Amino acid sequence: FASVIYNKPLNRAQDSCSHRCGELLGTCSCQVTCQSLGICCPDYKEFCLKISPYSGSLMGGKDFLLENTALNASSVLTCRFKQTIKTTGYVAKDGKAHCISPLLYETGFIPFEVSTDDGLTFPYSGTWLSGCLLRSTVALFFLYSCSMDAKLYKCFPFDHFSSSLTAYGNLTLTWTPQALAATHINIEVWGYQETGDSYSENWMAEWKYLYTLAREIPNIGKFSFIPVSAKGNYSTWDFGILRITPSSYSDGQSNIPSVWSSEHALAWHLGKDFRNDPNAWATAKCIEWDRKEENLPNFLEEITDCPCTLAQARADTGRFHVNYGCDIEKGSVCTYHPGAVHCVRAVQASPQYAAGQQCCYDSTGTQILTHDSTGGSTPDRGHDWGSPPFMKPPRIPGFSHWLYDVISFYYCCLWSDNCHFYMKKRPSSDCRTYRPPRAASAFGDPHFLTFDGLNFTFKGQGEYTLVESDIASLRVQGRTQQAHFPNDKLVTGLSAVAMQEKNSDVIEVRYSKDLNLEVLLNQEVVSFSEQNWMDLKGLFLHSTADQNITVMFSSGSGVEIRGSRGFLTLTVLLPEKFMNHTRGLFGVMNGNTEDEYTFKNKTIMSVHASPQQLFEFGANWAVENGTSLFTYDTEFLLNNFFYGEKHNTSFLPVFFPYEDPADPLVKEMVSLCDADPFCRFDVLTTRSLPVGSSTRLSHQNHKLLVENLKPVMSCGWLDHPTNGRKNGTNYLLGSTISFICNQGYELTGSKERICQVTGAWSGDTPSC
């Protein structure tokens, strides 16, 4: 811990960060916090690498600069990732060192080391962020197919094309020329396969170089060609990717500077059997896939059920995240799910088979089921985002999903009329076993809304346990600090939130001195300038463009944080399994508000306690240095929160702000806040209408969230009778499904059935 040596006299000549980045040494520090504390070893910046860019796709080939290290031009540079994967680096004319990222089969932060003596020693170290192709924020190039078909006048993204596009026109490949420092480039075709016995130790993933499509092409960012059948057996590879490399490298050479297309169906290079009769070819492929599926384990039994409504799906952010291929915020372009306006994916893969869940909803907010529509919610044998520890099928990010769930959709649904095969193997899960999470929030000066619905204000100054649980060893801690407002009164608000589950990475979100929002990963500030999604140890981390931070833990718990008017607004979402297993300022989650004010020693205070008594309750939940998750990387934080009291007993807040009828602000406050008590409280304490408005919005958002997460009863899917049809696809409480027979048939049983509060349908099964 860097604070241990903060005030010691340093003999800076004794210790070195060579081979020791991240360590606290006897006389100085090689930890990331050393810079702001002024206790770094003299060679910290030389050996502990800062890189640019800091991320790239897992396919590799990204040239990145080692910013803080100048090396001799004659140095023989070797870059080693995860202690085993080596790539060749180089020193540019300016003396700056560069590495090339390797092909990886995983996402997340990857440790790497650098050698300047041809691999004998590796004294320099850093981390590289490997990202999923689908979530790369920089698109290197796009592949389009342009058709002369009278029905298709425009160009389509090539990874969505149908068989009717294969017979016409050129293909044009575009890329960013500046991405490669070369005058001429080669274009290669690579294929992906998974070999060995499914779900066994010898099941392996492999990207394989197939052939070179074009050589010595000028690097001008565009290349057009007429697609032809690939030679030899290469045409049997129907899923792959294109790679562009400098022409100075040999064909298929691994881990060299390169840019990659997105993964896509390689229909453009398939053989004559496909070109002559695409439907028959695809039908045979679909049937072959169906037979293979028969011999694989049934993953459907272990995936989680979908939320019942679109509102639930968008609110349960700890367990579900938007499917970028069908996003209501991006215009609902749902190519693979016609009729849907929004789809979400379960964040966590299933425990044994690493399968994924997908849930799609129509414009009424009703879940679409595959029994009713080809646009329905389809689960995945391979989770689209992969699953830790990655590396082996079916846990490879993106690619296992393409192999088992996407290319098969092309075979059965896009390139032939055999979608019934696909839907039989990928049927929708309904929502009968779905249980929404409970939500607790904190915002403003600061106000707490517990999991069981109790509201209170606690204006302490210090660091406190907001919620902790023996389930997954979850801990969420909050820091409250004083904030100055126009009337010079002092108020407090959340300035930092830190969290961890089991031995996961530690995430901290805080306001910096200049009121910028910072996110720290294991005490180091992370940037979202290149990646807005990070796969980390025990959690996923996401940031929106307007800095709404979401942390999704492996237990299904979620934490949302955003900054507003100098205060943090926090929401914690906990699944049902946390019932009766929480404690802290957010109370005991059990549906009973009477035990909400439970102290560490398990004594309970009345829910009618005074603000002064609530102040004592909050103080009881102050954290200790031994269990604190916070980073103390400035003199101010060390003196005020590490060496100082965890709960400042000398700070006495305003418990009852006076509402003076003669105060001109009161009239504006009433107009703004109406009856919202938190809004009124914050306007009076801060003398700021914008702060009150922000508090009111946070309170409204919490109430809307709780409303959206209310349990919804489902009676389950109903089939239509043979020789008849049904009207209605909503199977939730109170909905009605009616039945009609075809001409010449008579209906027996119930003409309509209603979903009842018992979870059962009224009436009898109809027949025609």
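Q: How many salt bridges does a search of the whole structure find?

A: The search finds 28. A salt bridge here is a side-chain nitrogen of Lys or Arg within 4 Å of a carboxyl oxygen of Asp or Glu. The model is predicted: local features need pLDDT of at least 70, side-chain atom pairs count only at pLDDT 80 or more, and totals for chains, interfaces and linings use all residues. Numbering runs from 1 along each chain as its sequence is written, and side-chain values use heavy atoms, with hydrogens and water left out.

Q: Why is the pair of E113 and R80 called a salt bridge?

A: The closest N and O atoms of E113 and R80 are 3.0 Å apart, and the limit is within 4 Å, so the pair counts. E113 lies in strand β8 and R80 in strand β4, 33 residues apart; strands are DSSP runs of E with at least two residues, and helices are runs of H or I with at least four.

Q: Is E113 buried or exposed?

A: E113 has 18% relative accessibility, so E113 counts as buried. Buried means under 20% relative accessible area, exposed over 50%, and partly exposed in between (1.4 Å probe, protein chains only). R80 is also at 18%, and therefore buried.

Q: What makes R215 and D251 a salt bridge?

A: Their side chains meet at 2.2 Å, N to O. R215, at 49%, is partly exposed, and D251, at 31%, is partly exposed too.

Q: Which helices hold D290 and K425?

A: D290, whose salt bridge with K425 has its closest N and O atoms 2.8 Å apart, is in helix α4, and K425 is in helix α7.
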